[in-house]
Amino acid sequence: MYNPKSLKAEEFIDNGEVLAALAYADANKNNLKLVDELLEKASLRKGLTHREASVLLACSDEERTQKMYDLAEQIKKDFYGNRIVMFAPLYLSNYCVNGCVYCPYHLKNKHIARKKLTQEEIIKEVTALQDMGHKRLAIEAGEDPVNNPIEYILDCINTIYSIKHKNGAIRRVNVNIAATTVENYRKLKEAGIGTYILFQETYHKESYENLHPTGPKHNYAYHTEAMDRAMEGGIDDVGLGVLFGLELYRYEFAALLMHAEHLEAVHGVGPHTISVPRIKHADDIDPNAFDNSISDDIFAKLCALIRICVPYTGMIISTRESQEVREKVIRLGVSQLSGASRTSVGGYNEPEPEDERTEQFDVSDRRTLDEVVKWLMDFGYIPLFVQPVTGKAEPATVLWHCVKAARFRTAAIPTHL
Ligand code: SF4
């Protein structure tokens, strides 16, 4: 039985309710009067429910679809101005005991190199990232209680925050690690993390269990209820996301919004961010093996509708996507962007040797951070490396970028600032 206030995964992501939302959407996708009413409601910037949002996603009327894009663009401008928050992922370890069939770090992959950064290596990686200009990191690690226990993650966070380099420091460490206990979330909170990010991968329980055949991640309820435990542990910044391509995108979209509604109903605060990764090629992963992949047009519509339906939630896009796709969805609502990412364990300080490659997935946007910054500024965006606290850019950050902008306009792109 659907209950957004329940703490049980199968009640707040009730399969019957998702299917009912999709059936409602199918029944109303050509009901243009309703679609217009929903667009009118969305223009109030108070969001839409998962059922309402599903109708807009199902509607293929070109004029209305264009209105959805226009509204998303306007909401993006109103809420975020021309600011784009920049970050970089830092992979700490690719040891993992899980069997996720879409990820090359799965336990049975015996030919990928396994690596875990030491604290000395982290200092070198973070120094290299700071030299590039990064101030915000998203740390990533596989699930492995022996190789990557919570103590290791906490040590890494402490190391990162303690690095002072050229009068600067990393200002925010977001954490993307496996679902864990309330006690461990409390420790992460005490370590001063920014956002706790955990991708659901898919909300469809049966598919979830098939895609995660072995390891602790197989437990759908434990994974899906992780954000509630994180909030119980004091973390009120949580980041949701699904891996588009694993299941039907319409199902994932409705369920993702149901998850956001659940957090709001129980904790009084929705997700801080939503990530929109699509499955990509990697070491022993062929994306064509997953038959739910989505076109760039559907992807853009999903981004626009997320912006319309949860206007206050940040939206993150990674270098999985090409420059062309990123250009389109930034306009439609994406507020955070990674740049010059390495999806390997290490690799910022020194490129990985060919025979020891550890990438989690292939990167589509391979530009340097300076190239990404210049590209954003050419479109009139201000890339921010520090999140504004008050909704306005911090003066120092703006100044830094004015200096940078001037240099871009008058000289060759500098390698370092
Ligand atoms: S997705 Fe995460 S949990 Fe699954 S195999 Fe990869 S690193 Fe491990």
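These legends cover the whole chain and several close-up views of a predicted model.

Local features in this model need pLDDT of at least 70, and side-chain atom pairs count only at pLDDT 80 or more, while totals for chains, interfaces and linings use all residues. Residues are numbered from 1 along each chain as its sequence is written.

**View 1. The protein chain overall.** The secondary structure comes to 16 helices and nine strands. These are DSSP runs numbered from the N terminus: helices are H or I with at least four residues, strands are E with at least two. The C-alpha trace spans about 60 × 50 × 40 Å along its principal axes. For 417 residues, a compact globule would have a radius of gyration near 22 Å; the chain has 21 Å, which agrees. That radius is taken over C-alpha atoms, and the globule rule is 2.2 Å times the number of residues to the power 0.38.

**View 2. The largest nonpolar core.** This core holds 114 residues. Leu137, Tyr196, Cys303, Leu305 and Ile308 touch the most other members. H12 gives the largest share, 10 residues. A nonpolar core is a set of buried Ala, Val, Leu, Ile, Met, Phe, Trp, Tyr and Cys residues joined through C-beta atoms within 7 Å. Beyond neighbours within four places in sequence, Ile308 contacts Ala42, Leu48, Met68, Leu71, Ala72 and Ile75. Contact means C-beta atoms, placed from the backbone, within 7 Å.

**View 3. Helix H12 and its end.** H12 runs over residues 249–267. Just after H12, Gly268 takes a positive phi of about 75°.

**View 4. Tyr203 in its loop.** Tyr203 sits between strand S4 (196–197) and helix H9 (205–211). Tyr203 is buried, because 24 other C-beta atoms lie within 10 Å. The cut-offs are 20 or more such atoms for buried, 12 or fewer for exposed, and partly exposed in between, with C-beta atoms placed from the backbone. Outside four places in sequence, Tyr203 contacts Ile13, Val242, Tyr251, Glu252, Ala255 and Leu256. The C-alpha atoms of Tyr203 and Thr224 are separated by 8.0 Å.

**View 5. The shell around the ligand.** The residues here are Cys96, Asn98, Cys100, Cys103, Tyr105, His106, Gly142, Glu143, Ala178 and Lys217. Each has its C-beta atom, placed from the backbone, within 6 Å of the ligand. The shell divides into five nonpolar, three polar and two charged residues.

Technical notes
Expected span 1.5 Å × (residues − 1). Nonpolar A, V, L, I, M, F, W, Y, C, P; charged D, E, K, R; others polar. Contact = placed C-beta atoms within 7 Å.
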